[in-house]
Amino acid sequence: MGSGTSTQHHFAFQNAEKAFKAAALIQRWYRRYMARLEMRRRCTWSIFQSIEYAGQQDQVKLHDFFTYLVDHFTPSSHSERDFLNRMFTEERVPQDSQLEECGDYESIEVPASYTGPRLSFPLLPDHATALVEAFRLKQQLHARYVLNLLYETKKHLVQLPNIIRVSTCYNEEITVCGDLHGQLDDLIFIFYKNGLPSPERAYVFNGDFVDRGQYSVEILMVLFAFMLVYPKEFHLNRGNHEDHMVNLRYGFTKEVMHKYKIHGKKILRTLRDVFRWLPLATLVDEKVLILHGGVSDTTDLELLAKLDRHKVVSTLRYKTRKESEKEKQAEEKRKDNQTSTAEIPTPWFLPQSRSLPSSPLRLSSDKAHKAGRSSSIPISVHLDRKELSRQVRRSVDLELEQCRLQAGFAEVREKKELSPFTSETDSEAGELLEPTQEEWRQVVDILWSDPMVQEGCKANTVRGGGCYFGPDVTEQLLQKYNLQFLIRSHECKPEGYEFCHNRKVLTIFSASNYYEIGSNRGAYVKLGPALMPHIVQYQTNKATHTLTMRQRISRVEESALRALREKLFAHSSDLLGEFKKHDADKTGLISLSDWAAAVECVLRLGLPWRVLRPQLVNSSTDNVLDYKSWLEDLAKKQLSRENIQSSLLETLYRNRYDLETIFRIIDSDHSGFISLDEFRQTWKLFSSHMNVDVTDDCIYDLARSIDFNKDGQIDINEFLEAFRLVEQSCSEGDGADCPASHKH
Amino acid sequence: MADEKEREEIIVAEFHKKIKEAFEVFDHESNNTVDVREIGTIVRSLGCCPSEGELHDLIAEVEEEEPTGYIRYEKFLPVMTKVLLEKRYRPVSEDVILRAFEVLDPAKRGFLTKEELIKYMTEEGEPFSQEEMEEMLSAAIDPESNVIHYKDYITMMVVDDN
């Protein structure tokens, strides 16, 4: 006792207090750091999402471009007419007189040197399993077997109803997987972790098997193989990416042509058929509805069950001004009778017509239709192929017929023109009926819609199709059909899944690391007894496991920022214009606040620019920015060719995905080459529509400079490479076999 | 006088924009509310460094009378603006953090063992949750020696943050 001890106590107390305070300081500092990390993570996610959806909007705009083209463009020369002809007719018209059969695979020989997997039909479970293993070892299936499998797949699909009904016994399990988007690693992982499909282990794959990832073909092969082997237990729903028009833009077409140089085209055509025969939804025990996108307030399951789903070839199409005018007329007529319903988009999506959109080559004898067109093309134009002209005329008349029918006008049939298509063996030959607009909308809604938090139902302007549906819409549907809940996919979620609408809607997304390595987990859901959902998450990249959260977030963030900088660069001129508006005194400087406002005004991505600013602007003092030098810095990072006029480059860069899509359409024989002339014409058409101010000389110079070997042809891939656009099969600096790919 | 007022208005306007942006990042439903559990992240990302206790007080100020679990933007904005104007909850410099670590390392070894760090972080101050502790360890620990060289750790965090 005594003062000694109390001093000790005093010191002890002081030390304890110090330790307490020190710990508190460190914790406070650490928590702030983590919060900022979380903020960065959320911003990164926003960047990816907004760029992704903006891309989808662009796709819609592209179709607007085609529509504009057919409505307004007057071809001024033979070659331009040719060009348009090729753009619009190739897809519809069979080549030459050799009509391609779906089952025309027998003539394809498999060389003795082929070491990949071989298939024989009927398929056995072992074949399917062997296929998975072969793909895991990065083998490629020969085109003959691909086509054979697709042929058998179609035969099977045709028998299926639009809505598949599945029932589970008490101890049978059913696993539902979401978007895979060509990410084979995730599929293999699911089978590894959850078990291969079997009579006791049912699977439903909910659409979007293809596009973006590098192994879409392989995924389809595996899924189709298991479906043939276990037809009662293995089910597939169609997604919005099971669509040849969407595939043109998002990489699947490119992948097929790259892997199958000789037979790719045939494979693509066959796939077009297979996709439209995919079922639209799956219903488990009459209680759980599984479909790809969502629902709308007008979703009618009975209608969906009855319609001819294969008529919906693509949910995107060209809509002609004529049709919209006719539609307006009809609409006006009906307005008296009906009160208008909730805003559901009609402009972009109309019933798919097998025929051409109004084409400059319209050779219809119906003179009335020339009224809207300023070009009158003599029938004796370059067309050597009478067959072509006859079919064009026939299909155009079909379309007119449909328009009339829709508009409610009296039917006028020209019987001699509507003779059956005896020369075509394509399966829809002889079918004169198209899906009605209502049927069309029903399908688009279930493939494209997204849930929202607010009540109601409104047009999904972000995607350009389908709608946003609220919890009341879900509830209404569930009650109407006596359902328990809805499972859908279509949207990437950080955890791979997300419940909403009071746990009545489950989003399940199975492509992990979708935007970038480390961006998100994938997940699948198992429905157990009483259909209780049990979620399993995963992330298939070993690299991420060894990284700390901080490092993972940094990687993904860097990728997002790179994408964002590209976008900023692509809008350099607009940005400069906008910056100048804030710089009335022409000092060359603007405040950072003005910078944020200007950037949002131009890009319209809805991103938190002030939060992102430190990552995008590193050369600012006193809260002001020298905007010209900032733009120059941006350009330096992006430009790789100095001899091309930079504003043209910027414009091309900004529209590169559209251009690529157009190229692939022009390159009708999928050779990978287009002629200089075609390139110039493409550009001219495109730029006039997009109001881009570029002189002919400029385009000519550009085209010539891209023709690297001066043979009058442009290799599409070389062209895209010039802008570093070609997707790289392995991300930079990743040694291990990572199929990470950069997304559009 | 008038100038000063004008300047303050400009500053306030800029604060408002910043606060709105940060708020919207977490406003998932686009209805001007955020989950109360995200308020800490928002406040900290705006440059403040409150303690947990200070954060709770702040939340109390912006919560509804009958707490709903959500914070409305209309209530959050004026309170947060004041915080920024008054420069409340300023972060301390790295030297202070370094000294704080040194307090916990009286023997001046230059490191803390894993057990020591766990003990301090989970028993002293405003204790970490298990998740927070694991996350800190994953980044801070030197896997070979199983200790935390705190000086290097601080440097790494600071660089990363900027």
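**View 1. A salt-bridge network in chain A of the predicted model.** Salt bridges link Asp450(A), Arg488(A), Glu491(A), Lys493(A) and Glu498(A) into a network. Over all chains of the predicted model, the count of salt bridges comes to 34. Side chains of opposite charge can pair when their charged atoms come close.

**View 2. The salt bridge between Lys259(A) and Glu255(A).** The side chains of Lys259(A) and Glu255(A) meet with an N to O distance of 2.8 Å. Both residues belong to helix α8 (residues 252-259) of chain A; being four residues apart there, they are separated by about one helical turn. Lys259(A) is buried, as is Glu255(A).

**View 3. The salt bridge between Lys82(B) and Glu86(B).** In chain B, the side chains of Lys82(B) and Glu86(B) form a salt bridge at 3.2 Å, N to O. Lys82(B) is partly exposed, with a relative accessible area of 46%. Glu86(B) is also partly exposed, at 41%.

**View 4. The interface of chain B and chain A.** In this interface, 48 residues of chain B are in contact with 35 residues of chain A. The size of an interface is often given as the accessible area lost when the parts come together. Chain B and chain A bury about 4,000 Å² between them, and 64% of this area is on carbon and sulfur atoms. Four salt bridges are found across the interface. There are also 15 residue pairs in polar contact across it, both residues being at pLDDT 80 or more. On the side of chain B that touches chain A, at least two residues each come from α1 (2-26), α2 (39-45), α3 (52-62), α5 (94-104), α6 (114-123), α7 (130-140) and α8 (150-161) of chain B. The most is given by α1(B), with seven residues.

**View 5. The salt bridge between Glu132(B) and Arg31(A).** The closest N and O atoms of Glu132(B) and Arg31(A) are 3.0 Å apart. This pair crosses between chains, with Glu132(B) in helix α7 of chain B and Arg31(A) in helix α1 of chain A. Glu132(B) is partly exposed, with a relative accessible area of 23%. Arg31(A), at 8% relative accessibility, counts as buried because the limit for that class is under 20%.

**View 6. Aromatic pairing around Trp45(A) and Tyr515(A).** The structure holds 26 aromatic pairs over all chains. One of them, formed by Trp45(A) and Tyr515(A), is edge-to-face, with 5.2 Å centre to centre and 80 degrees between the planes. The pair links distant parts of the chain, 470 residues apart: Trp45(A) is in helix α1 (residues 3-72) of chain A, and Tyr515(A) is in the loop between β12 (505-508) and β13 (522-527) of chain A. Trp45(A) and Tyr515(A) are both buried.

**View 7. The aromatic pair of Phe191(A) and Tyr203(A).** The ring centres of Phe191(A) and Tyr203(A) are 5.4 Å apart and the planes are at 80 degrees, so the pair is edge-to-face. Phe191(A) lies in helix α5 (residues 184-194) of chain A and Tyr203(A) in strand β3 (residues 201-205) of chain A; the pair therefore ties together parts that are 12 residues apart in sequence. Phe191(A) is buried at 4% relative accessibility. Tyr203(A) is buried with a relative accessible area of 0%.

**View 8. Charges over rings in chain A and chain B.** Arg503(A) lies over the face of Phe499(A), at 3.8 Å from the ring centre. In chain B, the charged end of Lys119(B) sits over the ring of Tyr120(B), 5.0 Å from its centre.

**View 9. The surroundings of Gln442(A).** Gln442(A) lies in helix α13 (residues 437-448) of chain A. With a relative accessible area of 2%, Gln442(A) is buried. Apart from neighbours within four places in sequence, Gln442(A) is in contact with Thr298(A), Thr299(A), Asp300(A), Leu303(A) and Leu304(A).

**View 10. Gln159(A) in a loop of chain A.** Gln159(A) is placed in the loop between α4 (143-158) and β1 (163-166) of chain A. Gln159(A) is exposed, with a relative accessible area of 65%. A polar atom of the side chain of Gln159(A) lies 3.2 Å from the backbone oxygen of Lys155(A). Gln159(A) and Trp277(A) are 118 residues apart in sequence, and their C-alpha atoms are 9.3 Å apart in space.

Conventions: Residues numbered from 1 in each chain as written. Chains lettered and ligands numbered in written order. Predicted model: local features only at pLDDT ≥ 70, side-chain atom pairs only at ≥ 80, totals over all residues. Heavy atoms only, no water. Buried < 20%, exposed > 50% of the residue type's maximum accessible area, 1.4 Å probe, protein only. Polar contact = N/O pair within 3.5 Å; in protein donor to acceptor, adjacent residues only side chain to side chain. Phe/Tyr/Trp six-rings, centres within 6.5 Å; stacked < 30°, edge-to-face > 60°. Lys NZ or Arg CZ within 6 Å of the ring centre and 35° of its normal. Contact = heavy atoms within 4.5 Å. Buried area = accessible area lost by both parts, 1.4 Å probe.
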